[in-house]
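I opened this entry to record what I looked up, step by step.

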Amino acid sequence: MQAYFTLTRRELSSFFVSFMGYAVIAATVFLLGLCMISLIEKLQGDPASITVTECFFGFYFWLILLFSAPVITMRLFSLEKYSGTFETLMTTPVSDWQVVMAKFTAALFFFVVTWLPLAGCILILGYATNNPALIDYNVLGSTYLGIFLLGCLYMSLGCFASAMTSSQIIAAMTSFALGLGLFILSFIVDQFPIQKTWITETLSYMSMYNHMTDFSRGVIDTRYIVFYLSLTGFFLFLTYRVVESRRWK
Amino acid sequence: MTDDAMIEVSNLTKRFAGYEAVSGLSFTVGRGEIVGLLGPNGAGKTTTMRILSCFLPATSGSARVAGFDVCTQADEVRRRIGYMPENNPLYLEMRVREYLRFRARLKGLGFTQTRQRVERVIEQCGLTEVGKRIIGHLSKGYKQRVGLADALVHEPELVILDEPTIGLDPSQIRSVRQLIKDLGHHHTVLISTHILPEVEMTCSRVLIMREGKILAADTPENLQRTMSKDAQTIAEILAPREDLVSCWEQMPEIEHYDLSAAEGSYYRVALTGVDGQDLRPVIFDLAKEHGWQLRELSRTRHSLEDIYIRLTRPESEEETF
């Protein structure tokens, strides 16, 4: 356990000590700011039956997620492999699982931190409009649960992509392609004919766009939680196997 | 298995796709020894070290460190070794003391122990003035010392250093070598290098490798002795040529002689003794007896370099010579 915490701490500090971490946060805040402007535009229009958080989860949320996830994770394993520190790391008495979990935890923590300004945006909105009914803390909570679960999935995906290569660019590109691919599944279902087949059924269960809309409405569906946690587990397992593969390759 | 063996390697083979990096390697290193692994690039030194440090598994054969198998008891082995890989990779954005603390914690040291050991290795490796500096800003020599300090921080029984002096300037090389020499008091050290004087100066034993096999394993002195069978004794003597020739002809210890005129009216003789015998005392006695003037008397010695070059020359090349 000591090794896990030590490693997590180092990974986290490498996010916050280097310029990179702040660059990602700054970019996220910038995009959230744009989001906020478009949200205010929407709120000035006709009354709508959607929550404030739901408005956020249109275009910008996914744009930020799809771009920031590969940037956060690309360095995790590939930089260590490239610089050779992977060798010094793996010759200390730490297990492969500890290394994988520590890197995943640190990335996830950082990912959640980059989304904290969102809460700020919403609170400012509540304060400025002087309308307490606008802010529902439960909905905000479920939104963050959704962000957290999506973060789990995308960080594990990024870990997997990063573990496979010693090039950060390849890692980023792989995780971007995988991440975008998974996201696009949400829309592929629309291309199918109306009648229900097992394919459309499966795809509609995997529609992350719909999941996130539900979360931002305050709907917490355990199926979604199981979906994200199991996929995260799956990708972490793959990462572990890749890290371990140096033993049997 | 003997109790005092630190490393026991038997029949170790590592195959990568298409080639065999290490083939059927066997050797033993005792506790407290400083052993140099010597060989040309691509001889399998780094692979051997990576297997010993549990980074890579062997294809076949076994290796034990301090009695623990590197494959099945990797955690026990890792706790007992300090490994510094080739090119000494470090986290360049960290500060020296911060890095060493991180490494010590990673290696399972407690809080107080970490603080004590980190201060100790910082002092030991001469890092006191740079403790607060960022590793990436340090000179190569200091970085190398940070790598060494990292390898030593958990007081390992075995220290494995892969090319520890590569890319350093002469004075840095000297200080790193001295450090390695001092390590021998408390640790077993295995270093790899292709720099010969390094081995001669620091190691108590040498393993010469080529193409994944061990060609010779002995102390540097013994290697020199066994290889100096055809060593020659050189003498410059002022004496009539006929006397010299007849003298050499009569002596049974001399296998071969060579006579040539030297500067002045001296003769330069090169003598090869039977079984590499040292002929210097014999020649001195002869000169004294006959009243010859002797102005040079020396014995050619094979340096470790000659031995190394001879042993590591690829077979195909040997045939052409």
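**Confidence.** I am working from a predicted model. For chain A I read a mean pLDDT of 86, with 94% of its residues at 70 or more. I then went through the elements of chain A. Helix H3 (residues 52–56) of chain A has the lowest mean pLDDT, 70. The highest, 93, belongs to helix H12 (residues 222–244) of chain A.

**Contact between the chains.** Next I asked how many residues each chain brings to the contact. Chain B gives 20 residues and chain A gives 20 residues. On the chain B side, I found helix H2 (74–80) and helix H3 (96–106) each supplying at least two residues. I sorted that side of chain B by class: eleven nonpolar, three polar and six charged residues.

**The sheet in chain B.** I traced an open sheet of six strands in chain B, with the order E6-E7-E8-E3-E9-E10. Its pairing is mixed. Which strands stand at the edges? They are E6 (81–84) and E10 (213–218) of chain B. Each has a single partner strand, so one side of each lacks a neighbour in the sheet. I noted an average twist of 15° from one strand to the next.

**One strand pair.** I looked at strand E9 (residues 205–210) of chain B beside E10(B). Five bridges join the two, and they run antiparallel. Val206(B) stands opposite Asp218(B) in E10(B).

**Helix on the sheet.** Last, I checked helix H1 (residues 45–52) of chain B, which packs on the sheet. Helix H1 of chain B touches E3 (34–38), E7 (158–162), E8 (188–193) and E9 of chain B. Its direction makes about 150° with that of E7(B).

Note on methods:
Residues numbered from 1 in each chain as written. Chains lettered and ligands numbered in written order. Predicted model: local features only at pLDDT ≥ 70, side-chain atom pairs only at ≥ 80, totals over all residues. Contact = placed C-beta atoms within 7 Å. Helix = DSSP H or I, 4+ residues; strand = E, 2+ residues; numbered from the N terminus. Nonpolar A, V, L, I, M, F, W, Y, C, P; charged D, E, K, R; others polar. Pairing = 2+ DSSP bridges. Axes fitted to C-alpha atoms, helices over the stretch in contact; angles between N-to-C directions. pLDDT = per-residue confidence, 0-100.
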